[in-house]
Amino acid sequence: MKKTILVTGGAGFIGSRYIRYLLHTYEHIDVINADALKYAAQLENVAAFVEDPRYQFLKCDLTDESAMRNLFKFPIDEVVHFAAESHVDRSIDHVDPFVQSNVVGTTRLIEAVRRMGVKRMVHVSTDEVYGSVSHGYLDESAPLAPRNPYAASKASSDLLCMAAVHTHGLPIVISRCTNNYGPHQHQEKLIPKLIGRALQHRSLPLYGNGEQIRDWIHVDDHCTAIDAIRCRGRTGEIYHVSAEETKTNIEMAKSILEILEKPSSLIQFVGDRPGHDERYALSAQKLRSELFWQPRISLMQGLKETVKWYRRQEERREGWR
Ligand SMILES: NC(=O)c1ccc[n+]([C@@H]2O[C@H](COP(=O)([O-])OP(=O)(O)OC[C@H]3O[C@@H](n4cnc5c(N)ncnc54)[C@H](O)[C@@H]3O)[C@@H](O)[C@H]2O)c1
């Protein structure tokens, strides 16, 4: 039977890849992409499917109640919720947009899901809600301990979703994923920034001593995980998404320089981010054993392809100059 899936934040990095995945994988799915087109949105992310009759874009800010009423005039079966302010550094400078989009926006969405009897909502969250992880890989029973404003706003939205499941019986599932990399990510994020600067033979700035550990997953593996959760996840459950590929930031910078055959002397240490978490690491055991998901792209393979993609973008830009 034909279904309509609302994807929020589908002009951003992960949401646009997820829409691409949906349109490639299913024939009988219509997709509505609702995005406020904030600074991180890139319409070129959706250019490849803009002509697809199954795809529709609606400019819509989730915090705007009347825009949300108009959006939910469409018959929506399921919702996958990516829309958020997503950059930690910006949240440290200005927290308001994070409270607005991530907390108020999610609240409005939950209200609409309740009002319209939507059958499934996946709330896309992050490993950052747990704060720094001293050792091992966390499972879904770990306590929330967000330590920066972005993480706190995401943890708040997770709690609102869980409350909506318990209070109103809404069919919401939460995914919490580790750091994504891949094509179409905004230039302000670590991997595109390092690749972009290395391509221009400029210094690669790393916070502090560069020894912070992050758990990396290719965006396309994140998309297959979200889809497994949408299709088979149990209401009210949290599922971790991780490829369990932990690396220090300095190791990531060195790998990028090696791929591009550039010297590691380009690495430059800069003043640390306030309250910088040392280590993130999640176990995806539940997702693997319950929903039979597994990542397919190894970090080295994915990183090489990602570097190649940003190099092509840079060459195209060079060609236009
Ligand atoms: N990038 C990662 O490594 C990562 C890891 C785990 C979880 N996540 C989560 O995945 C989601 C997507 O992340 P991303 O990296 O693609 O982010 P992104 O910043 O690239 O894209 C976010 C999109 O949301 C839109 N948006 C923001 N506020 C909105 C609002 N009020 N109404 C409608 N649209 C709005 C923006 O215009 C943008 O297109 C976020 O919820 C983030 O917390 C990201």
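**Sheets and a pocket**

A: Strand β9, residues 213-218, is joined to β11 by 3 bridges, and the two run antiparallel. Keep in mind that this is a predicted model.

Q: Which residue stands opposite isoleucine 213?

A: Threonine 248, in β11, stands opposite isoleucine 213.

Q: OK, and what is the strand order in the open sheet of 3 strands?

A: The order is β7-β9-β11, with mixed pairing.

Q: Why is one side of β7 and of β11 left without a neighbour in the sheet?

A: β7 (179-181) and β11 (246-248) are at the edges and each has a single partner strand, so one side of each has no neighbour in the sheet. On average, neighbouring strands of this sheet are turned by 50° against each other, direction ignored.

Q: Which helix lies across β7 and β9?

A: That is α7, residues 219-232, which runs at about 75° to β9.

Q: Now the sheet of 7 strands. What is its order?

A: This open sheet is ordered β3-β2-β1-β4-β5-β6-β10, and the pairing is parallel. β3 (55-59) and β10 (238-241) are the edge strands, each pairing on one side only. Here neighbouring strands are turned by 20° against each other on average, again ignoring direction.

Q: How many bridges join β4 to β5?

A: There are 4 bridges between β4 (residues 78-81) and β5 (residues 120-126), which run parallel. Valine 80 stands opposite valine 122 in β5.

Q: Which strands of that sheet does α7 touch?

A: α7 packs on the sheet and touches β1 (3-8), β2 (29-35), β4, β5, β6 (172-177) and β10. The direction of α7 makes about 145° with that of β5.

Q: Changing topic: what volume does the second largest pocket have?

A: Its volume is about 220 Å³.

Q: Which residues lie nearest its centre?

A: Arg17, Glu44, Asn45, Ala48 and His184 lie nearest the centre of the second largest pocket, out of 13 residues that line it. The elements giving two or more residues to this lining are α1 (13-25) and α10 (299-320).

Q: And how many of the lining residues are nonpolar, polar and charged?

A: The lining of the second largest pocket has 5 nonpolar, 4 polar and 4 charged residues.

Methods:
Residues numbered from 1 in each chain as written. Predicted model: local features only at pLDDT ≥ 70, side-chain atom pairs only at ≥ 80, totals over all residues. Heavy atoms only, no water. 1 Å grid on protein atoms, 1.4 Å probe; cavity = no way out; pocket = protein on both sides within 12 Å on 5 of 7 lines; lining within 4 Å. Points joined across faces, edges and corners; volume = space filled by probe spheres on them. Nonpolar A, V, L, I, M, F, W, Y, C, P; charged D, E, K, R; others polar. Pairing = 2+ DSSP bridges. Axes fitted to C-alpha atoms, helices over the stretch in contact; angles between N-to-C directions. Contact = heavy atoms within 4.5 Å.
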